[in-house]
Amino acid sequence: MASEKLYEITAYTENQVGLLSAVAGIFTRRSLNIEKLLVYPSRIEGIHKFKILTRTDERRVKAVVAQMEKKVDVVKAFWEVDSERSHKEKEAVEDFLQHRENQSKTAL
Amino acid sequence: MKDKIGKKLSGAEILLEQLLVQGVDTVFGYPGGAIMPVYDKLYGYLDRLHHVLVRHEQGAIHAAQGYARIKGEPGFVMVTSGPGATNVITGVADAMIDSTPVVVVAGQVTTGLLGTDAFQETDLIGMTTPITKWSYQIRRAEDVAWAVSRAFYIAASGRPGPVVLDFTKDAQTGLAEFQPCHCDFIRSYVPVPEVPQTAIEQAAAMINAAERPFVVYGQGILLSGAEKELGDFLDKGDIPAGSTLLGLSALPSDNPHLKGMLGMHGSIASNIMTCECDLLLAVGMRFDDRVTGKLEKYARQAKIIHIDIDASEIGKNIPVDLGIVGDAKQVLARLTPLIEKRRRSAWEHRNEECDAVERERVCLPEIAPADGPVNPGEVIAAVAKATRGNAVIVTDVGQNQMLAARYSRFSQSRSFLSSGGLGTMGFGLPAAIGAKIAAPGRPVCLFVGDGGIQMTVQELGTIMQEKTGVKIVLLNNNWLGNVRMWQELFFGERYSCTRLLNPDFKMLAAAYGIRCENVESREELAPAIERMLADDAPCILNVHVREESLVFPMIPPGKELDQIMLNTQDWYSYGK
């Protein structure tokens with residue numbers, strides 16, 4: 001879909017057993033792939049941080065973030081279009097891989 | 001209770017003490033291996049905790065839902081691990097989608113056996129996480145009071161919903177010092193968001209600028225106790241309104257602003273007015289597809305304001321011009337002083353033309369036919385007349401539900417109980433048991449089909465044992481009526497697997513010691529209803545109704561709200 005982009009979702013949460021699967025379930029139910037997932041202690045004492053990268057459109061990313069915030073143990077959740085810089089990096093890598101694949105075909 | 005504070009108690013006893021702290025007086029449950037330490041302690045608490053022994057755990061949760069919805073307090077369920085726990089899952093999902101506060105405590109195997117596929121072990125937390133507000137495994141006696149207190153707070157606050165506590169057996173038997181807990185704050189959870197005054201002012205300005213405002217309200221009115229605030233708001237602005245299925249009884253049926261139920265089988269007027277309003281004000285509802293019809297065409301001519309306590313509902317299905325995340329009662333109370341007192345007479349009477357068509361073409365043929373078999377709607381209208389709108393009306397799911405919603409009358413709030421979002425057949429009978437226990441002084445009438453009653457028919461045993469005075473009106477047509485209707489209308493009259501061969505319900509009732517009358521004809525109906533309502537004993541009225549009945553008006557699935565079928569041939573068109 002043309003309106004699909006990579007979005008980075010950030011959530012600040014309590015450190016609770018089972019929260020990862022609760023968060024993952026929000027994506028599964030909407031057939032969204034998680035492209036990247038990081039979970040680590042935030043700089044706020046006792047608060048954990050999720051970083052999730054997913055490809056979708058703005059309406060759905062808003063719904064996902066709202067559903068995340070609805071979880072009792074999620075403090076706050078945010079979304080943004082994945083940064084231009086990392087996007088460009090990614091495209092550069094994709095171009096590079098495509099280029100290498102073409103090279104391997106000509107080598108054969 | 002007081003003499004236990006500070007004492008070393010088992011986790012099982014702490015659970016029971018904390019239940020008393022929460023004000024619980026009724027337990028819907030079923031014992032089994034992994035919850036036996038709690039049931040053992042319960043033996044000493046039966047004078048304070050009334051245990052309703054159901055016949056299947058699904059019955060326990062639906063009864064607790066019925067209790068919660070009629071009483072306005074969380075229902076409590078206690079079951080064992082494994083199959084006991086999985087049997088409540090349908091009800092947990094039902095409570096989630098219908099915003100019903102219930103707390104389920106399920107036994108679980110000893111912590112040392114977790115993950116070993118031990119006898120009756122199942123991953124209840126994993127299974128219920130997507131369908132609960134909160135689910136938590138209690139592994140230590142020290143955590144019991146805290147977890148129970150938190151569970152009740154979460155279940156009942158904000159947008160209510162189900163909470164599951166998975167209670168390991170060693171946490172039940174382990175000892176801890178009992179200190180009562182009173183949870184009323186969780187830092188990551190904001191149940192009632194604050195509404196800025198600017199949003200209230202903006203909403204008021206939009207309402208004051210509107211010539212044809214229309215309010216669509218849902219169960220949020222009942223859940224926040226905003227019945228009076230809604231009535232005052234509609235009175236001051238002279239604004240018409242339509243109710244969702246679960247919003248029914250929030251306003252009395254004779255409120256002049258109320259134009260009927262919204263959606264697929266709702267009133268013609270409420271759906272047409274949704275299509276003609278210039279401002280749609282949605283309060284405590286979630287734009288279910290049964291209400292909106294084709295989403296892209298829903299109220300597209302109108303500005304839309306959506307008031308809901310759940311932020312994730314704003315803009316979920318319908319893009320809105322103004323979203324207000326807050327408690328319906330508080331928001332309406334702040335909004336009413338800011339709206340202009342106006343008369344909108346022409347718009348308020350817009351329904352009359354629709355109502356005349358509906359009455360002549362749909363209602364009278366259903367509830368007052370000249371001859372032929374008894375219609376299901378006729379039975380419901382007769383019960384409404386006999387109870388003068390004072391009964392708690394419980395439904396199962398299907399044609400009985402839609403007709404009960406259409407033809408029942410309500411004079412007070414919290415009088416309608418039905419599985420809306422999940423549409424759980426088999427909900428009705430156990431929910432009616434819970435409703436009667438919650439409101440023992442009121443008549444509780446269940447409308448149920450011959451299909452739905454057989455999904456949870458074992459709960460007749462609970463009625464027998466508890467002597468619960470539920471009045472069961474069985475609309476018996478020997479079909480799965482709603483599916484049969486769709487097969488007739490949309491699947492080329494191919495009646496695949498919808499014909500039912502039924503038991504003799506009178507004999508079945510007799511086996512449970514429950515009085516049952518068969519009603520075969522129109523003449524027998526009113527006297528039988530009168531006899532049914534004459535006392536407070538359980539009773540079944542087995543009414544043989546028209547076999548091929550259809551429910552109209554109907555907006556077929558995926559159609560727009562002004563595409564309304566009046567019968568199999570005719571569609572509503574203005575004034576006809």
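## Two chains, one predicted model

Of the 108 residues in chain A, 21% count as buried. This value, like the others here, comes from a predicted model.

**Chain A.** Three helices and four strands make up the secondary structure of chain A. Along the sequence, the elements of chain A run β-α-β-β-α-β-α. The radius of gyration of chain A is 17 Å. The globule rule gives 13 Å for 108 residues, and the value for chain A is well over that, so chain A is more spread out than a compact globule. The C-alpha trace of chain A spans about 55 × 30 × 25 Å along its principal axes. Take the contacts in chain A between residues at least 6 apart in sequence: 70% of them join residues at least 24 apart.

**Chain B.** The secondary structure of chain B comes to 24 helices and 20 strands. The C-alpha atoms of chain B fill a box of roughly 75 × 65 × 40 Å along the principal axes. Of the residues of chain B, 54% count as buried. Among contacts in chain B with a separation of 6 or more, 77% come from residues 24 or more positions apart.

The two chains can be set out together.

**Contact between the chains.** Chain B gives 14 residues to the contact and chain A gives 15 residues. On the side of chain B that touches chain A, seven residues are nonpolar, four polar and three charged.

**Domains of chain B.** The domain assignment gives chain B domain 1 (2–177), domain 2 (197–351) and domain 3 (374–544). The centres of domain 1 and domain 3 of chain B are 30 Å apart, taken over C-alpha atoms. Contact between these two domains involves 25 residues of domain 1 of chain B and 27 residues of domain 3 of chain B. Which elements give two or more residues to the domain 1 side? They are β2 (26–29), β3 (50–53), α3 (57–71) and α5 (89–97) of chain B. The largest share, 11 residues, comes from α3(B). By class, this side of domain 1 of chain B has 10 nonpolar, 10 polar and five charged residues.

**A helix pair in chain B.** Helix α1 (residues 11–21) and helix α7 (residues 144–156) of chain B cross at roughly 35°. Their axes come within 9 Å. The crossing of α1(B) and α7(B) is right-handed. From α1(B), the residues G11(B), I14(B), L15(B), Q18(B) and L19(B) take part. They meet V144(B), A145(B), V148(B) and S149(B) in α7(B). The residues of this contact divide into six nonpolar, three polar and no charged.

**A residue of α7(B).** F152(B) lies in helix α7 of chain B. Why does F152(B) count as buried? Because 25 other C-beta atoms lie within 10 Å, and the cut-off for a buried residue is 20 or more. Leaving aside neighbours within four places in sequence, F152(B) is in contact with Q22(B), P74(B) and V103(B). F152(B) and V103(B) are 49 residues apart in sequence. In space, the C-alpha atoms of F152(B) and V103(B) are 6.6 Å apart.

How values were computed. Residues numbered from 1 in each chain as written. Chains lettered and ligands numbered in written order. Predicted model: local features only at pLDDT ≥ 70, side-chain atom pairs only at ≥ 80, totals over all residues. Domains from an automatic or database assignment. Contact = placed C-beta atoms within 7 Å. Nonpolar A, V, L, I, M, F, W, Y, C, P; charged D, E, K, R; others polar. Buried ≥ 20, exposed ≤ 12 C-beta atoms within 10 Å, placed from the backbone. Axes fitted to C-alpha atoms, helices over the stretch in contact; angles between N-to-C directions. Left-handed = near helix turned anticlockwise from the far one by under 90°. Rg over C-alpha atoms; globule rule 2.2 N^0.38 Å.
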